[in-house]
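Take a look at the structure below. The report that follows covers its charged contacts, a surface patch and a helix pair.

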Amino acid sequence: MANKKPASWQGHPVVSADHVAELEREAALNEYHRGLPRNVAEQQALERYRRDQHLRASGHHLAGMRSAYASGNMEAAAMHHDMMALHFKILGFDPSNGVPPEIKVHEQPLEH
């Protein structure tokens, strides 16, 4: 089995190589339409991308927590809760204040 090189953009890891075009597009918009220097345009694109990934991961773990709880798997529910709380904190949300709307829109039912 060959080692697959992790996807990256401008030296930063990304979830998928498919996301590179999106980051390039956003950096170009920041640079040419918002008039930002290229390095700032790239940094803002990367920050937006990371935030979006944390929001999506939070929604995934929210759905996982609810599904695990509903099926009676408290160990899995606790694991999803802990992971969701980590993403909340990275995003600047307090996990004890409920689920923000920015995360609720990313909650997708888990497929079997």
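Is R38 buried, partly exposed or exposed? R38 is partly exposed, with a relative accessible area of 25%. Here buried means under 20% relative accessible area, exposed means over 50%, and partly exposed lies in between (1.4 Å probe, protein chains only).

R38 forms a salt bridge with E31. Their closest N and O atoms are 3.0 Å apart. R38 also meets E42 in a salt bridge, at 2.9 Å from N to O. A salt bridge is a side-chain nitrogen of Lys or Arg within 4 Å of a carboxyl oxygen of Asp or Glu. E42 and R38 sit four residues apart in helix α2 (residues 38-70), so about one helical turn separates them. E42 is buried, with a relative accessible area of 17%.

## How the model was read

This is a predicted model: local features need pLDDT of at least 70, side-chain atom pairs count only at pLDDT 80 or more, and totals for chains, interfaces and linings use all residues. Residues are numbered from 1 along each chain as its sequence is written, and side-chain values use heavy atoms, leaving out hydrogens and water.

E24, E31, R38 and E42 are linked in a network of them.

Another salt bridge joins the side chains of E107 and R66, at 3.0 Å from N to O. E107 lies in the segment after α4 (101-104) and R66 in helix α2, so the pair ties together parts 41 residues apart in sequence. E107 is partly exposed, at 23% relative accessible area. R66 is partly exposed too, at 42%.

## A nonpolar patch

M79, M83 and L86 form a nonpolar patch on the surface. Together they have about 260 Å² of accessible area. Patches are made of residues with over 30% relative accessible area and no salt bridge; like charges are joined within 9 Å, nonpolar side chains (Val, Leu, Ile, Met, Phe, Trp, Tyr) within 5 Å. Areas come from the Shrake-Rupley method with a 1.4 Å probe; for residues, only the protein chains shown count as cover.

L86 lies in helix α3 (residues 74-91). L86 is partly exposed, with a relative accessible area of 48%. Helices are DSSP runs (H or I, at least four residues), numbered from the N terminus.

## Two crossing helices

The axes of helix α1 (residues 20-32) and α2 come within 8 Å and cross at roughly 130°. Axes are lines fitted to C-alpha atoms, for helices over the stretch in contact, and angles run from 0 to 180 degrees between N-to-C directions.

α1 and α2 are therefore oblique to each other. Angles under 35 degrees count as roughly parallel, over 145 as roughly antiparallel, 65 to 115 as roughly perpendicular and the rest as oblique.
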